[in-house]
Amino acid sequence: MSGVVVERGPDGTSLGFVRGGISVSVLLTPKQVDELVTKLVGRSESEARRPVGTVDAGLPRVRRRAERMDRGAAAVLPLIDGGVLRVGEVLTMRSAGSEHSAAIREDGSFDLDGHIERSPTEAATYAAQAPRSGWRIWVNDAGESLEDLRWRLRGAEFRDADGNENKTVQLWVEFCIRKRLKPGMDRPGTIAAFFSESGLEDIDEARAALAQWFACCIDQKWSRAA
C-alpha cells in the first residue's frame with residue numbers, strides 16, 4: 001500500500017491509497033477517523049480539535065443550544081444576586097446511575113472538580129457526556145432544581161399593579177415548587193388545591209393577584225420557558 005491520502009469531502013472523510021496498481025478509496029466513519037488519528041498521533045481527532053476545558057466535540061449542537069439558552073455564566077448571576085443561590089454552594093445531578101457535583105463560582109460558572117463550565121446546561125452536558133437540561137437536573141441539598149430557584153426569585157421580585165410585593169404570589173410559587181409543578185401555568189385544579197391548602201382569607205384579592213402573575217408569565221414567556 002502506498003500514497004495514502006486523507007481527504008474531506010461533502011460525504012465525509014475518505015482514505016485513498018494505491019495497492020497493486022489499483023487506486024482504492026474508502027469512506028470512513030467519524031469513529032474510524034478518530035481511531036486512525038489516535039494510532040498516528042496518540043489522541044483522537046475530536047480531542048485534537050477541541051480546546052482544553054470544553055465538552056466532548058461530539059456534542060457541538062447541544063453546546064450551541066446551551067449557550068443560546070443559558071447566556072453563559074450570566075444566566076446564573078441573578079440567582080446569586082437574588083440570594084437564592086450561594087457562591088461556593090455545591091449542586092448535584094444524577095445521570096445514568098452516576099452522581100456528579102459542581103461548585104458555583106463567583107462569576108456564576110460551574111466548577112466540576114477543576115473543570116470549569118459556564119452555564120448549567122453546559123455543565124450538565126459535560127458531566128453526563130450527553131444532552132441534559134442543567135436548569136432541571138442540578139439540585140441543591142433540599143432537592144430543589146435551578147429552575148425552582150429561578151421561579152422563587154421571580155416570585156419574590158414580582159410586583160402587583162400598585163407596585164407592591166405580593167405574598168400570595170410567593171406562596172403560590174412555593175406551593176408549586178413543593179408539588180413539582182410549574183408556577184407559570186394557570187391550571188384550575190392546581191389553583192383550587194392551593195386555595196384549599198393555603199387558607200387565604202381574601203380569596204378575591206388572591207385570585208386577582210394570581211391573574212396578574214399569570215399575565216406577567218405569559219408576557220415574559222415564562223409559562224413555556226425552562
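Start by selecting Glu157, which lies in helix H7 of this predicted model. Glu157 is exposed, with a relative accessible area of 52%.

In contrast to exposed Glu157, Trp151 is buried, with a relative accessible area of 1%. Arg154 lies over the face of the Trp151 ring, at 4.8 Å from the ring centre.

How are the rings of Trp151 and Trp222 arranged, edge-to-face or stacked? A pair of aromatic rings is described by the distance of the centres and the angle of the planes. For Trp151 and Trp222 the centres are 6.3 Å apart and the planes are at 90 degrees, an edge-to-face pair. Planes over 60 degrees apart count as edge-to-face.

Colour by secondary structure to see what this pair joins. Trp222 is buried, with a relative accessible area of 17%; the cut-off for buried is under 20%.

Trp222 has another ring partner to select, Trp213. The ring centres of Trp213 and Trp222 are 6.1 Å apart and their planes are at 50 degrees, so this pair is tilted. Both Trp213 and Trp222 are buried.

Now move to Arg150 and Trp135. Here Arg150 lies over the face of Trp135, at 3.7 Å from the ring centre.

For the next stop, select Trp172, Phe175, Phe194, Phe195 and Phe214 together. Ring pairs link these residues into a cluster. How many aromatic pairs does a search of the whole structure find? The search finds 10, and the edge-to-face pair of Trp151 and Trp222 is one of them.

Finish at strand S7, residues 115-117, by selecting His115. Is His115 buried or exposed? His115 is buried, with a relative accessible area of 13%. Show Glu117 as well: the side chains of His115 and Glu117 make a polar contact of 2.9 Å.

Key
Residues are numbered from 1 along each chain as its sequence is written. This is a predicted model: local features need pLDDT of at least 70, side-chain atom pairs count only at pLDDT 80 or more; totals for chains, interfaces and linings use all residues. Side-chain values use heavy atoms; hydrogens and water are left out. Rings of Phe, Tyr and Trp (its six-membered ring) pair if their centres lie within 6.5 Å; planes under 30 degrees apart count as stacked, over 60 as edge-to-face and the rest as tilted. Buried means under 20% relative accessible area, exposed over 50%, partly exposed in between (1.4 Å probe, protein chains only). A charge sits over a ring if NZ of Lys or CZ of Arg is within 6 Å of the ring centre and within 35 degrees of the ring normal. Helices (H or I, at least four residues) and strands (E, at least two) are DSSP runs, numbered from the N terminus. A polar contact is a pair of N or O atoms within 3.5 Å; within protein, one must be able to donate a hydrogen and the other to accept it, and residues adjacent in sequence count only if both atoms are side-chain atoms.
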